[in-house]
Amino acid sequence: MGTSTRWKGPNGDRWSSAGRRLARWREDSRNADQRLEEIAADHLSALHETLRADRSAFGLYDTACAAGERLAGALGSLAAEGAESEVALVARLVSEVGGDGGTLADAAVRRGMAAAVRDVRDMHPEMDDAMNGGGAGGGFAWDILCDLYQVFFADMVGEFLRAVVAEHVKLAVPVLIATDPEGRIADWVAEKVVDLAPNPCKESAEATDLAQAVDTAQSVVGAVQDPSAALPKIAELLVPRAVGKVLGLISEEIAGEEGAAA
């Protein structure tokens, strides 16, 4: 966090309720997995509720938007150049997208970016071919890069809540440390919100006219022959929608969230 004072975590009834449910959770209890998913939904609901009341809370919205714009700006060079290895790709994107800020939101962006690279590599084994050829100038296919963009926003939210839960575990329920509930909660959250973030490739493919994918992109799209050349700009223009949806600022029903216990 950049200081020696431990962050106490977010405040409010919704957060306190989620924390109490976590404190009562035990891995060996009946329906433990289902209850942990409900606790994850509680934390996601608390985050969404907090940000709807105050968009500036935690600095998360502005930090995520800035990071999304930086990621969009990196996509074109990744399509042209790729990377030599997963380690090199993570290091590059964590530096370019995550920056060096010391807030919890900054840390969530960096960890979310690293997690997104790992997750997308699992989705696309062919990334290894692109990375093996990275030194020869081979780049990543756009379907890989569009998935990376989409998954990043989900993993960023998951990593933010992982940190919140981890602090609660350390402060209130150290007996749970060995069970890694924060990691499982982060994974659940990311899986639930990933489809909320727009995918630039799908946005362009589903539009009758490429310019309709993002109405303000017409001046960029009209000048190019290859539609994929406009994807970095489309990705940049989609950032507010992506951040708004995963942070609950643009209404979208998430399974498990509406019925979460308060």
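Modeller: K233 is partly exposed, with a relative accessibility of 29% (buried is under 20%, exposed over 50%, and partly exposed in between, with a 1.4 Å probe and protein chains only). This is a predicted model, in which local features need pLDDT of at least 70 and side-chain atom pairs pLDDT 80 or more, while totals for chains, interfaces and linings use all residues. Residues are numbered from 1 along each chain as its sequence is written, and side-chain values use heavy atoms, without hydrogens or water.

The partner of K233 is E236: the two form a salt bridge whose closest N and O atoms are 3.8 Å apart (a Lys or Arg side-chain nitrogen within 4 Å of an Asp or Glu carboxyl oxygen). E236 is also partly exposed, at 33% relative accessible area. Both residues belong to helix 11, which covers residues 231-246 (a DSSP run of H or I, at least four residues). Because K233 and E236 are three residues apart in this helix, about one helical turn separates them.

A second pair is found within helix 4, residues 86-98, where E96 and R92 are both placed. The spacing between E96 and R92 is four residues, which is about one turn of the helix. Their side chains meet in a salt bridge, with an N to O distance of 3.0 Å. E96 is partly exposed, with 37% relative accessibility.

R121 and D128 form another salt bridge, and here the closest N and O atoms lie 2.6 Å apart. R121 is partly exposed, at a relative accessible area of 28%. For D128 the relative accessible area is 28%, and D128 is therefore partly exposed.

Salt bridges also link three residues, R21, E38 and D42, into a network. In total, the structure holds 12 salt bridges.

The disulfide count comes to one. C146 and C201 form this link, with their sulfur atoms 2.0 Å apart (the cut-off for two cysteine sulfur atoms is within 2.5 Å). The pair joins distant parts of the chain, as C146 and C201 are 55 residues apart. C146 lies in helix 7, residues 142-172, whereas C201 lies in helix 9, residues 200-206. The link of C146 and C201 is right-handed, with 75 degrees about the S-S bond. C146 has a relative accessibility of 0% and therefore counts as buried.

Notes
Helix = DSSP H or I, 4+ residues; strand = E, 2+ residues; numbered from the N terminus.
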